[in-house]
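Work through the exercises below with the sequence and the 3D structure at hand. Each task is followed by a solution in steps.

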Amino acid sequence: MLAAAERRPRDPQGEEGNVAKEFMNFFLFLCRLLCGALIRCPFFVSQKLRCVCPPSYQKTLKLPRQNFRRRERIQKMLHTFCARAANRTVVVGKNVSSSSGGGRTTSRSTTTSSSSAVWVRARQRRISPSSWSSKKGSTLRRFSTAAARTSTTSNNGDEESETRKQSSHKIAPTILQNRLVRPERIAVQRNFSSSNAAAAGASPSPPPTNAAEDKNEQTTQTLMLHNTMSRKKEIFKPRAENGNKVQMYVCGVTVYDYSHIGHARVYVAFDVLYRTLRQLGYDVTYCRNFTDIDDKIINRANESGTSCEELTEKFIQAFHEDMEALGCLRPDLEPRATQHVGDIIDLITRLIEKNHAYAVDGDVYFSVDSLSKYGSLSGRNQEDNRAGERVVVDGRKKNPADFALWKTAKPNEPVWESPWGNGRPGWHIECSAMIEKLLGPVIDIHGGGQDLVFPHHENELAQSSAACDCEIHKSEDKKFVRYWVHNGFVKVDSEKMSKSLGNFFTIREVLARYHPMVLRFMLLGAHYRAPINYTQKALEESSDRLYYIYQTLLDARAALELKDEEFRAELENSKLKLSPLAADAKKLAEETKVSVAQALYDDLNTPLAIASLSGPLKTTNDFLTTKAGKKAVGRLSALSSLVSELENTLSILGLPTAVDKSTSILAELKALALKRAGLEEKDLEALMAQRANARAAKNFEESDRLREELASKGIGLMDGGGGDDAWRPIVPAEM
Ligand SMILES: [Zn+2]
């Protein structure tokens with residue numbers, strides 16, 4: 001340490017004064033180090049160390065080398081605390097200011113504030129290879145912040161600001177710095193949260209709703225869904241006459257190319273909705289169409305010299321492969337437009353009979369002026385309406401906003417006979433016809449991406465409501481669609497994703513570098529209605545977090561398997577008194593079940609559901625690695641409850657939980673990390689052997705250099721581990 005002090009750069013001005021000042025600082029630092037050691041609190045030492053010491057000390061300070069993991073962890077914590085201290089804008093949730101237990105406002109608070117005992121144990125915890133991660137601090141921070149922001153934004157805004165005011169009055173920022181505040185307990189952090197979320201690549205909180213929400217009526221078994229039509233969250237209720245039957249239609253892809261990450265987002269979001277509805281006991285009929293006749297398909301087929309059938313068949317197959325990889329359940333019905341041309345012609349005929357459509361030279365247009373409520377879904381006025389992007393505006397239309405229902409035949413196009421001559425259907429009409437044919441004139445949920453609200457869904461609504469006699473705008477239960485659900489956009493590096501900008505990624509391109517579950521996990525890390533920013537860093541962080549989750553799960557299962565008999569004896573012993581640690585863990589598992597359900601039932605708040613896993617994951621690792629955890633009476637029973645809850649949550653989020661699948665995911669995550677690092681297994685082994693030699697020769701400089709070189713490529717070495725545990729994928733250091 002003294003050698004470090006001697007190496008510090010000399011200040012040419014006022015050197016004597018500076019020496020005295022630095023000596024005093026060093027003395028203060030030693031005092032604090034001693035105090036910190038006495039109370040066995042690394043945070044106390046670390047926090048003060050970084051805030052008080054001159055940069056030269058910070059740079060050269062090193063804990064003993066054999067304590068490498070502890071040092072890594074402390075450095076991460078230092079960073080967290082210093083960032084917070086620098087901002088001085090920390091506001092603490094109710095559970096901190098009233099740590100006796102009252103005022104737990106959110107499920108997140110409930111999970112992370114189970115007891116002060118857990119916090120004390122956390123300090124004593126030894127980091128195991130499975131739980132260690134060089135980026136764990138930042139990842140946890142991201143998810144905690146996401147959860148905090150989500151939970152606060154989902155509440156009433158006035159209530160939130162009131163909470164902030166009360167909290168900041170109770171605990172001044174300066175006092176906060178000297179208190180032991182667990183990172184997860186920081187409920188809201190202004191400034192920091194926005195920049196961090198931007199860096200993390202996701203905007204996990206749902207966008208605010210304009211109207212008042214029916215929040216008070218929500219229970220754990222009630223699903224709230226944001227309805228685009230009403231612009232507010234509503235309690236989801238199936239139609240009384242339908243019992244528990246629910247019909248959900250989601251607009252599918254136009255099959256002329258491989259699907260991109262925007263498609264992945266739509267279908268992952270609605271897959272979670274499908275799973276959640278089924279979890280709630282609804283008998284869901286999920287229908288997702290394929291648009292297999294369209295200008296783009298015809299052009300692409302002509303360019304490539306294939307038929308439209310061959311082209312669409314190829315990309316339908318590819319779409320199924322992509323969805324399967326992403327863990328999306330297959331819908332119950334997957335109609336294709338070309339299979340329903342008869343139904344489309346029938347629907348158009350009825351629209352013409354009712355004067356909602358007119359035929360001109362073999363084309364048929366829908367007359368938007370015939371429907372006074374046209375524009376109600378998108379909120380557009382008639383004056384604002386323009387023709388849909390797929391419709392060429394021409395003078396034959398009564399109103400430029402009129403859209404094509406039927407298009408007359410052009411050369412080299414597939415055609416069908418119709419009362420208006422040979423031709424093919426327009427885009428919007430196919431969904432109206434297929435919904436009516438397969439699900440009926442009224443459906444419960446209609447979903448799709450936000451870009452479909454206008455013109456596609458607006459036009460679907462116009463066609464279907466004009467064609468049927470269900471008086472859609474008058475009767476609540478006879479609307480064409482009872483809940484319109486739309487997901488937010490995907491941006492790439494904060495820019496709109498488009499082929500012309502060169503930032504367009506197909507699902508296949510992403511899956512060549514990242515595990516499909518990493519992409520799914522990243523997409524679920526943001527609320528489905530919020531825009532999501534796709535970045536490589538966000539994928540790396542998701543990969544890191546997913547590895548941590550699956551490794552923890554695997555370690556816990558291994559512990560349960562090894563102690564199978566002991567576990568059974570524990571369960572059969574009715575007189576067994578659980579240790580406080582085990583009792584807390586069992587309670588935590590129960591709380592997690594509730595908080596995950598609450599998050600998902602509140603308009604599918606997947607980021608909050610994911611954040612709810614932090615507590616159980618940490619506690620599971622405590623049982624596996626800490627002395628107190630290993631000795632706790634009822635440990636296996638508690639571990640079993642935690643594992644079961646982790647599995648349940650992963651399952652509803654569509655992440656695999658089978659043992660063999662978990663093992664293969666870990667292996668695949670490692671293989672892909674090596675691929676991204678541009679290394680072969682043998683290269684890594686050679687580098688690790690080189691480092692082992694350097695360590696044996698006490699050449700720590702070389703050993704550190706090799707470790708840092710690998711860390712910059714996303715390979716995190718774990719000293720003390722052997723075999724498969726010798727390294728794990730991490731977020732590359734330069735990101
Ligand atoms: Zn559609």
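**Exercise 1: one residue**

Val 659 is partly exposed, because 13 other C-beta atoms lie within 10 Å. The model is a predicted one, in which local features need pLDDT of at least 70 and side-chain atom pairs count only at pLDDT 80 or more, while totals for chains, interfaces and linings use all residues. Residues are numbered from 1 along each chain as its sequence is written.

Task: check the class of Val 659 and locate the residue.

Step 1. A residue is buried if 20 or more other C-beta atoms lie within 10 Å of its own, exposed if 12 or fewer, and partly exposed in between, with C-beta atoms placed from the backbone. The count for Val 659 is 13, so the residue is partly exposed.

Step 2. Val 659 belongs to helix H28 (residues 659-677). Helices (H or I, at least four residues) and strands (E, at least two) are DSSP runs, numbered from the N terminus.

Step 3. From Val 659 to Leu 553 the separation is 106 residues in sequence and 9.0 Å in space, C-alpha to C-alpha.

**Exercise 2: the whole chain**

Task: state how many helices and strands the protein chain has, and what share of its residues is buried.

Step 1. The protein chain has 30 helices and 17 strands.

Step 2. Of its 735 residues, 44% are buried.

**Exercise 3: two helices**

Task: describe how helix H29 and helix H30 pack.

Step 1. Helix H29 (residues 681-696) and helix H30 (residues 700-712) pack at about 155°, with axes 8 Å apart. Axes are lines fitted to C-alpha atoms, for helices over the stretch in contact, and angles run from 0 to 180 degrees between N-to-C directions.

Step 2. Angles under 35 degrees count as roughly parallel, over 145 as roughly antiparallel, 65 to 115 as roughly perpendicular and the rest as oblique. H29 and H30 are therefore roughly antiparallel to each other.
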